[in-house]
2 protein chains.
Amino acid sequence: MAQLLAEKRDFDFVMWEQFDNEKFLTHEKYEAFNKKTCDMILTEGRKLAIKEMLPTMADGDHVGLKFEDGTVTTPESFKPVFDLMTEGEWQSLGVPEEMGGQGAPSFISFAVNEYFSAASFALNGYTAMGVGTANMIQVFGSEEQKKMYVKNLVDAKWGGTMLLTESNAGSDVGALETSAVKNADGTYTITGNKIFITNGEHDLCENIIHPVLARIEGAPAGTKGISIFIVPKYFVNEDGSLGDRNDIWCTGIEHKHGIIASATCSMAMGAKGTCTGFLLGNENEGMKVMFNMMNHARMTTGLQGLAYASGAYQLALNYARERVQMRELGQPHDAEPVTIIKHPDVRRNLLWMKSYVSGMRSFFQYMAYQEELSHLADTEEERVLADGMFELLTPIIKSYLANRGYEVCVQGVQIFGGAGYTKDYLAEQYMRDCKIASIYEGTCGIQAMDLLGRKMGMQGGKVFMTFLAAIQQTIDDAKALPDLADLAERLQKMLGKLGEVAAHLGKNAMSEKFKTAFAHSLPYLDVMGDTIMAWMNLWRATTATKALANNPKKKDLPFYEGQVKTAEFFIRTVVPTSMGRMETILDMSSAAIDISDEAFGGL
Amino acid sequence: MAQLLAEKRDFDFVMWEQFDNEKFLTHEKYEAFNKKTCDMILTEGRKLAIKEMLPTMADGDHVGLKFEDGTVTTPESFKPVFDLMTEGEWQSLGVPEEMGGQGAPSFISFAVNEYFSAASFALNGYTAMGVGTANMIQVFGSEEQKKMYVKNLVDAKWGGTMLLTESNAGSDVGALETSAVKNADGTYTITGNKIFITNGEHDLCENIIHPVLARIEGAPAGTKGISIFIVPKYFVNEDGSLGDRNDIWCTGIEHKHGIIASATCSMAMGAKGTCTGFLLGNENEGMKVMFNMMNHARMTTGLQGLAYASGAYQLALNYARERVQMRELGQPHDAEPVTIIKHPDVRRNLLWMKSYVSGMRSFFQYMAYQEELSHLADTEEERVLADGMFELLTPIIKSYLANRGYEVCVQGVQIFGGAGYTKDYLAEQYMRDCKIASIYEGTCGIQAMDLLGRKMGMQGGKVFMTFLAAIQQTIDDAKALPDLADLAERLQKMLGKLGEVAAHLGKNAMSEKFKTAFAHSLPYLDVMGDTIMAWMNLWRATTATKALANNPKKKDLPFYEGQVKTAEFFIRTVVPTSMGRMETILDMSSAAIDISDEAFGGL
């Protein structure tokens, strides 16, 4: 039967053949897991996603949310599936056991979450966001706070959020105006308004715990004076029961392009009476806490781009195998029409989509691999390097997967022709839902600044060097295989040029031409991402080629063949355009900086 | 005041400075027009677009259409503006006087239509589609048919459509199943169902004249057996009054991603009784009639891409000049925040958008110029060549402007950040509305096949050679200007490579590798489009540089500076990626053809 959302065989390939995740399962931390249990988890998660969650995706989009008198009502179809998911404790699959979770390794919880995101991102968010809040409290909270909040958040009995953005403080967090005044009892009175708060209010949990960024009276301006507070919707009594309603209210929800069933709330604190918050961590250390959460959010956003792209690809592929239209190219005029997968331009488009889905999935799983390496590192040096790699690649996972994922969704619509423009197929919704990924949790422009301004030079450049060396390893492996030697040679050239570009841009970013350098930061992020796609596709091809030489099962032959052809396609038809983009960075035109504001026109 | 939709100064520049349209106005055909009247028309059209039409854009999107009992009700805001537009005869501005139109030259009617399309594409379609139907009848109809239909269609008293697509005949027109049986009185009885019929039913006109593609009983299979019929919603009596209702009914409207206020109808003919049609032209020559209309539709679709892109750019630019967020790069932490147009990545994005809007507008006006050259040609040779150029570039105008226009709209959303994802700004709607352009009137894949399979070799390659020579002329002009010599040299290299790519691909398209060649046809269309963008931007820069040397008005300085910087930006930061894409076409990977269907996965 045709696959939906993502191909299970592909996860098996990435998790067990491309990456040697089995080695992690020998660690005592994962004694409850082996390859078989992981496989069972993924199979069950996939079933839940397709059978139960997927129907809520279009329904959530059509029915939408109802906002009335400060409350947000989710679509009727959500609650039963929310219950199924939380009863199965799916939202806490990757949460450490000491927090009350299942303690599964990252690679398996990421894989399951890819299915969940592709099936119903909005619904999945309601189940999973408490975990993010719980993580913050686990790391920075007092023992009392941990005891009071963590377990219920992990269980999705209570929901979590993140109150960061204000109307004049978006990318510029430091401009926020929400204030906190310390009370005699050690609590704080919070006053302010926040916007764009995901799941700030809804009817799926009995309580919602809001982490709120605010400035304590008298604290320094900018980010240095920001603290973070726990602001529960309902206060929690000492016995764990719910107490009075706090003065934090949803004042409206946004009418959005996509992810319509995900509540994007405006929140008012202290408008009707007194909003009380509890300091999390130390005063003026809010940004540290926030960044801890933000890295996780950026991974989730990248996953969103990947998951939608994968869902869109499977849909388009199934449609191309069913839709009959036009005779095959080169056949006589009276020849029978064929399925559109036979048409060259459709094949090009499908293989283009596949090359990104494959590259992005492997890249995402590579991040999981780095996370595991860090968790289970034998030495501090290993841990620091794995953490560094994770941090270096985080802005790319976020921005590149968001943008390329979106483009894959757009091409998915194209395969459907006119039908793709209607709401009859999920292709249209994938495209709309995906667009948010390039915007929230730091726009792509912000990610590019982070990459060039902070990440490239980490550990004196050692992390970036390690990254280049990791790619070199794959190239060397591929060069040893005659069928892949040519592709390996091409990636070798790309890698050489990437190093050159990085050095050139890094030097300029620290010169008086820094503005010009930063005008090339997003193109730079993109060529790093392209290189990673080429790397991952070549790695896949190498793994597949070795498997093909090793007496594979007959039913696996097309799968492995697909890996090789996909790598060929990406490296021969996408990489050269990326090399062209590298040339533009080396050329470093300063037109965008030199042009006067007036010369943009329109005045 | 900030400009909306499109910059008037830019039209003036393109129409009178870049292109020497004034020479056309000396022709007797245009004796009613001079530069001043053209300017007045554009000024008035712009005013109508911004003041009256633009408010209907978001309203049409929010209110949508109501379908009930076979009728389609448009938003209340539409009718008053529809009346204003048609009372002003704006829909017939470019229609020849002998058809009852205003007979304005193409360049001015296209310019006005760019404003109208950006202001309210859906509404504009209701006023203008009758003209397309009238054109068909004017060219192929009998004297009686012309007398009966043309004037009322041109006046938008009656609406027009095009009934082509069926559920199994989309790109594959030849597969259509709608049948026609000749009656004793010379009329035909039509039976069948059509889908995706724009404005197939609505309440803005008292009658609708449907051209319907159908196969006469016994006619050959495929496109060779297709005829076209006039099927009026209400029959027209000899005295011009309306008679009985014909049996053609709207059975539903699509729920679409965008252009929500444009009725996309399913139409049933002969389901309730007898649907009568009147043959237009000769039996089995329907495709010829259809293609006449289709070329016009492809121009309109390209214009849509351009118009939305321009509207999105102006919106984003205005927002970037108002939105304050973050301090300027390189300033101390406590520096005041600035408008986001000061940030390098925002500038890059805006200039990227501007370079496409500029290139696309000039390209579109170049098509108008070719149309005028053809209309007013002194010799048959001139006419044939101008027509050839127009035909060669039609698939590019359609596909390239649709795709790049969409990407500009997407980047427009990005400038708005989170606000761009909401329905609070038109940025979101431009993006949604624009997506259709890559799909209808022949998908981009179909356009690419047309370009490679039919257009490149026209007139024994003479048209393409003329195209290359036209670009060379601009290069030579630019080389003579020291400030532009470097950019000219870069375009020279691009042009050389384009010629090489065209020859290589053309050869392979006629070899046994034809499938592989066609798998590269859309990338080829794209590099042709990129070359045209570079050409147009360099042409603009050349015109501006000459103007700068000629004692310009002070207020024009930023405008001209903008042309030069935009050309620099495009040629130095976009062209190299396009050169990379040309490399991929020369390399001609056959991966997309060689891969087996199974290896795409998902089975």
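Strands here are DSSP runs of E, at least two residues long, and helices are runs of H or I of at least four, both numbered from the N terminus.

This is a predicted model, where local features need pLDDT of at least 70, side-chain atom pairs count only at pLDDT 80 or more, and totals for chains, interfaces and linings use all residues. Residues are numbered from 1 along each chain as its sequence is written, while chains are lettered from A and ligands numbered from 1 in the order in which they are written.

**Exercise 1.** Find the strands that pair with S4(A), and say which way they run.

*Solution.* Start with the rule: two strands pair if DSSP finds at least two bridges between them.
- Step 1: S4 (residues 179-182) of chain A has four bridges to S5 (residues 188-198) of chain A, and the two run antiparallel.
- Step 2: S4(A) also has two bridges to S6 (residues 207-216) of chain A, this time parallel.
- Step 3: Now zoom in on Ala180(A). Its bridge partner in S5(A) is Ile190(A), and in S6(A) it is Ile216(A).
- Step 4: Look at the hairpin of S4(A) and S5(A). Five residues sit between the strands, and Gly186(A) there takes a positive phi near 90°.

**Exercise 2.** Describe the side of chain A that touches chain B.

*Solution.* Contact means C-beta atoms, placed from the backbone, within 7 Å.
- Step 1: On that basis, 87 residues of chain A are in contact with 87 residues of chain B.
- Step 2: Helix H16 (residues 557-573) of chain A gives the most to this side, with nine residues.
- Step 3: Sort chain A's side by class and you get 34 nonpolar (Ala, Val, Leu, Ile, Met, Phe, Trp, Tyr, Cys, Pro), 24 charged (Asp, Glu, Lys, Arg) and 29 polar residues (the others, Gly among them).

Notes
Two residues are in contact if their C-beta atoms, placed from the backbone, lie within 7 Å.
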